[in-house]
Amino acid sequence: MKLVSIIIVGLILLYFIDSAFKLNPFNVEMLIHSSLRFFTGFLVLGIGVFYAHKIRLKFAIWLVLVLALADDIWDYTRDVNSFSFEVMLHSIYMLLWGSLAGYVLMKWWLDRRRPE
């Protein structure tokens, strides 16, 4: 139930963020940015750092920064202007939402598998 509420609340907040910054979340570039940031937060931060403790936080932050920078460089080579304050705030939100969703999903999934 927590996971469903995190996803619903996250989508509602995403709608408000996109409306406030006048971003179109359904064009191809924003879908790529949003999914890359969400799944980076989901896998690296949510599962790797906060739940499993397999990756140190300092290394994970560097890894996230490298992945985000690589995506921005890739966009620059394709002449896509994605380096603005609004897109950066959107990216930070997607990272945080992904990490929270990853942590809650793993906690729910492994607690459900554990026999009582």
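Is Asp-75 buried or exposed? At 0% relative accessibility, Asp-75 counts as buried. Here buried means under 20% relative accessible area, exposed means over 50%, and partly exposed lies in between (1.4 Å probe, protein chains only).

The model is predicted, so local features need pLDDT of at least 70, side-chain atom pairs count only at pLDDT 80 or more, and totals for chains, interfaces and linings use all residues. Residues are numbered from 1 along each chain as its sequence is written, and side-chain values use heavy atoms, with hydrogens and water left out.

The secondary structure consists of four helices and zero strands. Helices (H or I, at least four residues) and strands (E, at least two) are DSSP runs, numbered from the N terminus. Along the sequence, the pattern reads α-α-α-α. The C-alpha atoms fill a box of roughly 55 × 30 × 20 Å, taken along the principal axes. The chain has 116 residues, and buried residues make up 35% of them. Contacts (heavy atoms within 4.5 Å) were also examined. Among those between residues at least 6 apart in sequence, 78% join residues at least 24 apart.

Charged pairs come next. Side chains of opposite charge can pair when their charged atoms come close. A salt bridge is a side-chain nitrogen of Lys or Arg within 4 Å of a carboxyl oxygen of Asp or Glu. The structure holds four salt bridges. One of them joins Arg-37 to Asp-71, with the closest N and O atoms 2.6 Å apart. Arg-37 lies in helix α2 and Asp-71 in helix α3, so this pair ties together parts that are 34 residues apart in sequence. Arg-37 is buried, with a relative accessible area of 6%. Asp-71 is buried too, at 4%. Arg-37 also forms a salt bridge with Asp-72 (3.6 Å, N to O). Because Asp-72 lies in helix α3 and Arg-37 in helix α2, the pair ties together parts 35 residues apart in sequence. Both Asp-72 and Arg-37 are buried.

Asp-75 takes part in another salt bridge, in which its side chain meets that of Arg-78 (2.4 Å, N to O). Salt bridges that share partners join Glu-29, Asp-75 and Arg-78 into one network. Asp-75 is buried, whereas Arg-78 is partly exposed, with a relative accessible area of 31%.

The nonpolar side chains form cores. A nonpolar core is a set of buried Ala, Val, Leu, Ile, Met, Phe, Trp, Tyr and Cys residues joined through side-chain atoms within 4.5 Å. The largest core has 13 residues, of which Phe-38, Met-94 and Trp-97 touch the most other members. Helices α1 (2-21), α2 and α4 each supply at least two residues of this core. The most come from α4, which gives six residues. Leaving aside neighbours within four places in sequence, Trp-97 is in contact with Ile-6, Ile-7, Gly-10, Leu-11, Leu-14 and Phe-38.

A second, separate core has six residues, including Leu-45, Val-49, Ala-60 and Leu-95. Leu-45 sits in helix α2. Leu-45 is buried, with a relative accessible area of 12%. Not counting residues up to four places away in sequence, Leu-45 touches Thr-40, Phe-50, Ala-60, Val-64 and Ser-99. The C-alpha atoms of Leu-45 and His-90 are separated by 17 Å, and these residues are 45 apart along the chain.

Ser-99 is placed in helix α4 (residues 85-113). Ser-99 is buried, with a relative accessible area of 7%. Beyond neighbours within four places in sequence, its contacts are Gly-41, Phe-42, Leu-45, Gly-46 and Phe-50.

Empty space was examined last. Rolling a probe the size of a water molecule over the atoms shows where empty space is left. On a 1 Å grid over the protein atoms alone, a cavity is a set of points where a 1.4 Å probe fits but cannot get out, and lining residues have an atom within 4 Å of a point. Grid points are joined across faces, edges and corners, and a volume is the space filled by probe spheres set on the points. The count is one cavity of 30 Å³ or more. The largest cavity has a volume of about 30 Å³. Its lining consists of Leu-36, Arg-37, Thr-40, Val-64, Leu-67, Ala-68 and Leu-95. Helices α2 (28-51) and α3 (57-77) are the elements that give two or more residues to this lining.

Notes:
1 Å grid on protein atoms, 1.4 Å probe; cavity = no way out; pocket = protein on both sides within 12 Å on 5 of 7 lines; lining within 4 Å.
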